[in-house]
Amino acid sequence: MEPAPGPDFLSAESPIFRAFADKLSYLEAGDMARIEAAFVFASAAHAQQKRLSGEPYITHPVAVAEAVVEWRMDAEAIMAALLHDVLEDTRVSKQELSERFGSEVADLVDGLSKLDKIEFASYRDAQAENFRKMLMAMARDLRVVLIKLADRRHNIHTMAALRPDKRRRIASETLEVYAPIALRLGLNKLYRELQDTCFELIHPLRAGVLRKALLAASGNRRELLDKVLSSLSGKLKKEGIEAEVFGREKGLYSIYRKMKDRHLSFLQVLDIYGFRVVVERIPMCYLALGALHALYKPVPGKFKDYIALPKDNGYQSLHTTLIGPYGTPVEVQIRTREMHQVAQEGVAAHWLYKDGEAGSNGELEIRTHKWLQSLLETQSSDSAEFFENVKIDLFPDEVYVFTPRGKIMTLPSGATAIDFAYAVHTNIGNHCTAAHINHVLSPLATKLRNGDVVEIVTDPLAVPQASWLSVVKTGRARGKIRHYLRNIQNEESATLGKRMLYKELLAMGVLPVSVADLNWRQLVGHSGSASLHDLFTDIGLGKRVPAVVARLLLARETLPAPSGNSTLAIHGNEGMAIQLAKCCQPIPGDPIIGAIRKGHGLVVHARDCANISRSYLNEPGKWMEIEWAPEEGRLFQVSIQVDVKDKRGVLAQVAASISRSGSNIIHVATGESAEHVFSILNFTIDVADRSHLEQVIRALQRLPEVLRVSRASSKE
Ligand code: MN
């Protein structure tokens, strides 16, 4: 839908846009037309709105776009800046933006709108650090962060008409959340600007007092400042070093912080004079340093070479402190023009320098790239790809999600709704059945993503499942689940033990009806167990052999002699009382046999398992006949080895085939054959039974890249 032009609709001929367009000469002609279209569209969409100051709303997006242009960002970023409030404030949809301006612009605008939504719902002072991280993690695209910062900057400069309490809230949010982000990205100029503006908004009185004091001091200061300045530049000139020398002004907020944090008086803070020397090339930095050390005596131990050893955020300079006239400390920073740009504009220097000299450009890009790499600590980022599309994940190890009441929870990346439930409360974890993630009902094993709003559905009858252990990520959830399972293991073992004993009795010819008539009480008395429950548990755990107990029981009864045979049915969901052997990983359809393992219950092996033959001969009493009676829908883990031709993308093809066959991949490991002729993929997958597994294997064998598929078995 075309937004209806209102009375204040501005065309591309309007002075507002013409003044802006004059700054876009660094772009290509084609970009110009697209930016014009974005302006006209945004202007029409906001036509009915005014800023609180009474100005047409479009002046705000244009101001934001101007900052983006100052950073020399690309056409998509400029368009997104112009359009950044249309999704929030007007009836325009993302779909429409995407059709008109392309999906890249639509994604940027969408990213910005998402940031807007969370900031009002969930900001809490105590969580500023988490909030910052989450903002950056959510934004993913660095351009979103930069546009957001520009948006913030314009907003705090235009808050005069806002209610004082609202003004203070936005200012402290900016101070705590956005200014540190600017610093982290190396945008020092913006960082100081945000700090000083917000300081004045939050503490107008203190700022006023400081400003007055600064003004009063400046008379005395000026004299000394000028004196040092002229002797510094005079010395450099004499040595033939071309350089610009500036006195460094201290921001109000930085003076305030220094007084507060270091308990210094105003004059003590002010009594340090800062200068900056900017030269053309790196060797000049060291020449300038030598010249200045000859002029004033350096303070020992204060010299730092951040050129040879740049700071983590890419900052480079030489730092030294000299003893100036009257013993006044004089701090000097020496750097090249390029280093200065990086120090001021940080990450934005990448765009700024795009049309600079080819030589310095390349070096700067490499350094910016390196810096971002260290910032991201991610394992892979192809450099060409990086410059096309600056997509980042600043905190790859953590995920930030919300409770329904807006509290931020930090979980390790990969954490599921179960981890979330246990993080909220043990009882929530122990009784969770499902989760509403962003208001959509989702399985508990769902991995959470940044910004998800998670609400856990509980049921008092629900209990933790052993299968959760394979999906949870946090130690807390794992510990709580284990604890619960240990407690119920005894219950399960008792049930199993009872079944095992009954089976034995039936095999001995006792009719099911007569089992109830047995003298259990007397039996327990003779068995040495404290209770019938304990007796069953002992049998289930393999501490007592069911056949022996059965015979003991029958010996005290006058019942028909044993005859016949019977097997125990294994459903596969008996929990901890019955374990499927890891060595042969039996699945329904495989002939199986059970071993009673003391203290562990029943272990189910495949009959052809290589590990069992010796034990079977030595301790026949340990073994019992069992058979499958699996329940519908239950899945079993099994390992397969797939030998493939070593080709790009082969893992993806194999994985896709497995999932097409209706199986889940639990784990995959890759290796090479001894002679390096082919690759080996070891999968652990989920199957219903043997015929399902055969189906998976047949499908794999049809792939041309697959050389061989076999069911893996480990010889322990
Ligand atoms: Mn805005």
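Author: Three strands form an open sheet in the order 10-9-11, and their pairing is antiparallel. Strands (E, at least two residues) and helices (H or I, at least four) are DSSP runs numbered from the N terminus, and two strands pair if DSSP finds at least two bridges between them. The model is predicted, so local features need pLDDT of at least 70 and side-chain atom pairs count only at 80 or more, while totals for chains, interfaces and linings use all residues. Residues are numbered from 1 along each chain as its sequence is written, and side-chain values use heavy atoms, without hydrogens and water.

Strand 10 (440-442) and strand 11 (454-458) stand at the edges; each has a single partner strand, so one side of each is left without a neighbour in the sheet. On average, neighbouring strands are turned by 30° against each other, direction ignored. Strand 9 (residues 432-437) is joined to strand 10 by three bridges, and the two run antiparallel. Within this pair, I437 stands opposite V440 of strand 10. Helix 20 (residues 417-424) packs on the sheet and touches strand 9 and strand 11 (contact: heavy atoms within 4.5 Å). The direction of helix 20 makes about 85° with that of strand 11; such angles run from 0 to 180 degrees between N-to-C directions, with axes fitted to C-alpha atoms, for helices over the stretch in contact.

Packing also occurs between helices. Helix 2 (residues 29-45) and helix 4 (residues 75-82) pack at about 10°, with their axes 9 Å apart. The two are therefore roughly parallel (under 35 degrees). Helix 2 contributes D31, R34, I35, A38, F39 and A42 to the contact, and helix 4 contributes A75, E76, I78, M79 and L82.

The manganese ion is coordinated by H60 (NE2), H84 (NE2), D85 (OD) and D151 (OD), at 2.2 to 2.5 Å. Donors are N, O and S atoms within 2.8 Å of the metal (3.2 Å for Na, K and Ca); water is not among the atoms, so sites may look incomplete. In sequence the donor residues are spaced H-x23-H-D-x65-D. H60 in helix 3 (residues 59-70) and D151 in helix 9 (residues 142-157) link distant parts of the chain, 91 residues apart. Both H60 and D151 are buried.

Methods
Buried < 20%, exposed > 50% of the residue type's maximum accessible area, 1.4 Å probe, protein only. Parallel < 35°, antiparallel > 145°, perpendicular 65-115°, else oblique.
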